[in-house]
Amino acid sequence: MIKNARIKDALIGVVIAFVSIPISMGYAMIAGLPAVYGLYGSVLPILFFGLISSSPRFVFGVDAAPAALTGAFLVTIGVEPFSEEALSVIPSLTFLTALILLAFTLIGADRLTRFVSSPVMGGFISGIGAEIILMQVPKLFGGNAVHGELFVLIPAIIRETDSFNLLSLILGISTIIMILFFKKKSPLIPMTVILMALGAVLAVFTGITEMGVKLLEAPTPGMFGLVIPDISKILSG
C-alpha cells in the first residue's frame, strides 16, 4: 500500500515538474531574464526549502505577479530586458525584496493584510493577469514578448506585428483552445504536458522553424556563477 502511494506521488511529481519547469522559464522571460533562470528558479529553491522545512508537503515555486512587476520595473528605470544590466539589477532587486520581507516577518506586518479587502486583492490579481497576457500576445503571432505598463505595452504590441507569422498564430490559438477545452471536459488529462511533448516533436521532425515559428533558445549549459548582489544599483536608480 505504501509502495503504491509512493509510486503515485512520484508520477505526480514528474507531471508537475513537466508543467512547472516550462512555466517557470516563461515567468523568467516575463521578468526580463533569459529562460534558463526560470529553470534554476523552479528547481533549486524547492530543493533548498525541502531541506530546511519540517513539513512533508508544501507549495513552493515562482509566481506570475512578481515576474510581471519585475519586468515592468526594468522598463520604468530604463533597463532593457534580457540585457547585461538587467542580469545585474534583478538579483539586486530580489535580494533587497528578501530583506524587506524578512523585516516584515520580524515585525509581524502580515497583520496589515487583514485591512486589504477582497475586491482590492481581486482587482490586483486581475490586473496582473491582464498585464501578463498583453506581454505574451506578440508571441502568438511570431513576435517577441513586450514589457512595461499598459501605455507602453499597446504600442510595443503594434510594433511587433511586423514579425507576424500565420503558422505561429494558428499554433498558438489552437493550443489555447485545446487546453481550455480539455480543462473543462477532461481535467484529468494533462493536456499541457501532451502539447509540450507534441511541440517538441514538431520542432524536431518538421520544418516549422523554417516557416518562421520561433522557439526558445537552448539554455546555456553548466552551473551559474555565485555573486553578491550590489543593491546600490537599485538604490541609486
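Me: Before anything else, what counts as a helix or a strand here?
Reply: Helices are DSSP runs of H or I with at least four residues and strands are runs of E with at least two, numbered from the N terminus. With that in hand, the elements of the chain run α-α-α-α-α-α-α-α-α from the N terminus on, and please keep in mind that this is a predicted model.

Me: OK, how many helices and strands is that?
Reply: The chain has 9 helices and 0 strands, and its C-alpha atoms fill a box of roughly 55 × 55 × 45 Å, taken along the principal axes.

Me: Where is the confidence lowest, and where is it highest?
Reply: Confidence is lowest in helix α9, residues 232-236, where the mean is 63, and highest in α7, where it is 88. Over the chain the pLDDT averages 80, and 94% of the residues score at least 70.

Me: What share of the residues count as buried?
Reply: Of the 237 residues in the chain, 24% count as buried. As for contacts, among those with a separation of 6 or more, 56% are accounted for by residues 24 or more positions apart.

Me: Let's go to α2. What span should it have?
Reply: Helix α2 covers residues 35-52, and at 1.5 Å a residue its 18 residues should span 26 Å; the end C-alpha atoms are 27 Å apart, which agrees.

Me: And which residues of α2 are buried?
Reply: The buried residues in α2 are Ala35, Val36, Gly38, Tyr40, Gly41 and Ser42. Tyr40 counts as buried because its relative accessibility is 16%, which falls under the 20% cut-off.

Me: How many aromatic pairs turn up in the whole structure?
Reply: A search of the whole structure finds 3 aromatic pairs. One of them joins Tyr37 and Tyr40, whose ring centres are 6.2 Å apart and whose planes stand at 80°, so the pair is edge-to-face.

Me: Why are those two tyrosines about one helical turn apart?
Reply: Tyr37 and Tyr40 are 3 residues apart in helix α2, and therefore they are separated by about one helical turn. In general, an α-helix has 3.6 residues a turn, so residues three or four places apart point the same way. Tyr37, for its part, counts as partly exposed at 34% relative accessibility.
Reply: Phe181 and Phe182 also form an aromatic pair, edge-to-face, with 5.4 Å centre to centre and 85° between the planes.

Me: Different topic: what is going on with the charge on Glu131?
Reply: Glu131 lies in helix α5, residues 118-140, and it is buried yet has no salt bridge, the nearest side chain of opposite charge being Arg159, 14 Å away.

Me: So what is Glu131 in contact with?
Reply: Leaving aside neighbours within four places in sequence, Glu131 is in contact with Ala68, Ala72, Gly148, Glu149 and Leu153.

Me: What about the backbone, where does phi of Phe82 sit?
Reply: Phi of Phe82 is near 70°, which is a positive value in a residue other than glycine. For background, most residues other than glycine have a negative phi. Phe82 is found in the loop between α3 (64-76) and α4 (84-107), and with a relative accessible area of 36% Phe82 is partly exposed.

Me: Now α8, how far apart are its end C-alpha atoms?
Reply: They are 21 Å apart, and this agrees with the 21 Å that the 15 residues of helix α8 (residues 191-205) should span at 1.5 Å a residue. Met191, Val193 and Leu195 are buried in α8.

Me: Is Val204 buried or exposed?
Reply: Val204, which lies in helix α8, counts as exposed at 61% relative accessibility. The C-alpha atoms of Val204 and Gly129, 75 residues apart along the chain, are separated by 32 Å.

Me: Last one, where is Thr161?
Reply: Thr161 is found in the loop between α6 (150-160) and α7 (166-185), and at 39% relative accessibility Thr161 counts as partly exposed. Thr161 and Arg57 are 104 residues apart in sequence and 45 Å apart in space, C-alpha to C-alpha.

Methods:
Residues are numbered from 1 along each chain as its sequence is written. Side-chain values use heavy atoms; hydrogens and water are left out. The expected span of a helix is 1.5 Å times one less than its number of residues. Buried means under 20% relative accessible area, exposed over 50%, partly exposed in between (1.4 Å probe, protein chains only). Lys and Arg count as positive and Asp and Glu as negative; His and the chain ends are not counted. A salt bridge is a side-chain nitrogen of Lys or Arg within 4 Å of a carboxyl oxygen of Asp or Glu. Contact means heavy atoms within 4.5 Å. pLDDT is the predictor's confidence in each residue, from 0 to 100. Rings of Phe, Tyr and Trp (its six-membered ring) pair if their centres lie within 6.5 Å; planes under 30 degrees apart count as stacked, over 60 as edge-to-face and the rest as tilted.
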